[in-house]
Structure formats: C-alpha cells, structure tokens
Amino acid sequence: FSHQDRSLPGRLPTLETIHDRFARLLRLHLSTSLRRPIEIQISNQAVCTFSDFTRTLEKPSSLHILRFEPYKGLGLLVLPARMILTLVDLMFGGNGKEIEIAEDRDFTLIENRLIVKIAEDICRCYTEAWSAVHPIQVQHVGSEINLQFINIASQNEPVNMVDCELNVENVTASLSMCIPHSTIEPVRDILRGVFVNEDLEQ
C-alpha cells in the first residue's frame, strides 16, 4: 500500500496518532502480563479497499469482529496463527520460539479461549488509545476463521488499516486491524486534524 490510490480518501493524522498510542499501550500490557519485554511497533498504516486489505492476510488467522460504540459500524482485528501461538507459548512459560504452521491448522479449545482473551485485551488497549480524542468503546463481538463470513464492508469500500509488528525473544509476529471509513464517519472531521494532547502523545 505504499502508493495510495488517488480515488481513496486521504490520511487521518489523528487516527495515526491513536494507533501509535495503541501500540505503546499494548506493549506495556503484554510486557507486564507475560513478564518479559515485548517490542511493538507500527509497521504500516494506509487507506485501501477492503478487498486489498483481505488479500494481504496471513493464513491461517483468527478473525475478530469489533464494534465501536456508540456507533453502528464494525471493524476487523486479525490475529495470525504465528502471533497467537507465540503468545500462547509465552503464557505457558515457553520462550516464544517460532513455529511452522500449516494453512489448514485448526485452533484447539484451549487456544480459542486464550485467543478471545487476547482479543478482548487488545480491545481494551484500543479503547484507551481513543480516550484522549473521543469516547469510543471498542467491543469484541465475534470470532471467525473463514474470511468469507466476514461482512464488515463491501469489497470496494475504503478502510483504514494498521499493521503492528511484535518482537519477543528474537521472534517476530504481527497483528492487523482495519476500520471501514463508514464506521468512523461521525468523527472523521476530528481525525482529519492534528490532535495535540499530552495524554495522547504518551
């Protein structure tokens, strides 16, 4: 997405700042809960179509539908299996070693329970990242592994996407999120500006 389509809406600087704060909050949360240092950085932010976003996703991945209260629209959180299994290994005292994963691998019952907890923790961090700009409550409302059943946007609808890269114990993993423009339409004017706030910058 390095060359954005001119027909797509422009960047939203305040949303990008929110994402930077989200990465810092998630790094702090995971480092504390796993009791080891974890580095999280934003590796990419862009505006693209929903179909372009979905074409880049790792397989297999755990897909999570998000609601942005009080608004009606939805978003999508993507947790690739490589990232999930790294965190699960760390939760059980492992060293987070990189694991080879088949595309048709299913998640176990225990893994699925931990995945939901991880997704809910991410929602809380994302809600806090928004708090200095606008009171939005990000809620986890459902999980899926088959992209065909995800209907948060039409294929050609513009979405704001963000990729976060996680580094722990010399293992690199990632997570992605996309928010359709229709979801954040009520606050788009706020997000177009450059928001200066000490809480947001920390």
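Biologist: Before we start, what does buried mean here?

Modeller: This is a predicted model, and the cut-off is on relative accessible area. A residue counts as exposed over 50% and as buried under 20%.

Biologist: OK, so is Tyr 126 buried or exposed?

Modeller: Its relative accessible area is 1%. The cut-off for burial is under 20%, so Tyr 126 is buried.

Biologist: Which helices does the aromatic pair of Phe 22 and Tyr 126 tie together?

Modeller: The two rings sit edge-to-face, 5.2 Å centre to centre with 80 degrees between the planes. Phe 22 is buried too, at 0% relative accessibility. The partners are 104 residues apart in sequence, so the pair ties together helix α1 and helix α4.

Biologist: And which residues do the ring pairs link into a cluster?

Modeller: Tyr 126 also pairs edge-to-face with Trp 130, at 6.4 Å centre to centre. Those two are 4 residues apart in helix α4, which means about one helical turn separates them. Taken together, ring pairs link a cluster of Phe 22, Phe 68, Tyr 126 and Trp 130.

Biologist: What about Cys 125: which residues does it touch, leaving out those up to four places away in sequence?

Modeller: Cys 125 is in helix α4 and counts as buried, at 7% relative accessibility. The residues Cys 125 touches are Phe 22, Leu 25, Leu 26 and His 29.

Biologist: Last one: how many charged residues are in the lining of the largest pocket?

Modeller: That pocket holds about 300 Å³ of space. Its lining has 6 nonpolar and 2 polar residues, and the charged ones number 7.

Methods
Residues numbered from 1 in each chain as written. Predicted model: local features only at pLDDT ≥ 70, side-chain atom pairs only at ≥ 80, totals over all residues. Heavy atoms only, no water. Buried < 20%, exposed > 50% of the residue type's maximum accessible area, 1.4 Å probe, protein only. Contact = heavy atoms within 4.5 Å. 1 Å grid on protein atoms, 1.4 Å probe; cavity = no way out; pocket = protein on both sides within 12 Å on 5 of 7 lines; lining within 4 Å. Points joined across faces, edges and corners; volume = space filled by probe spheres on them. Nonpolar A, V, L, I, M, F, W, Y, C, P; charged D, E, K, R; others polar. Phe/Tyr/Trp six-rings, centres within 6.5 Å; stacked < 30°, edge-to-face > 60°.
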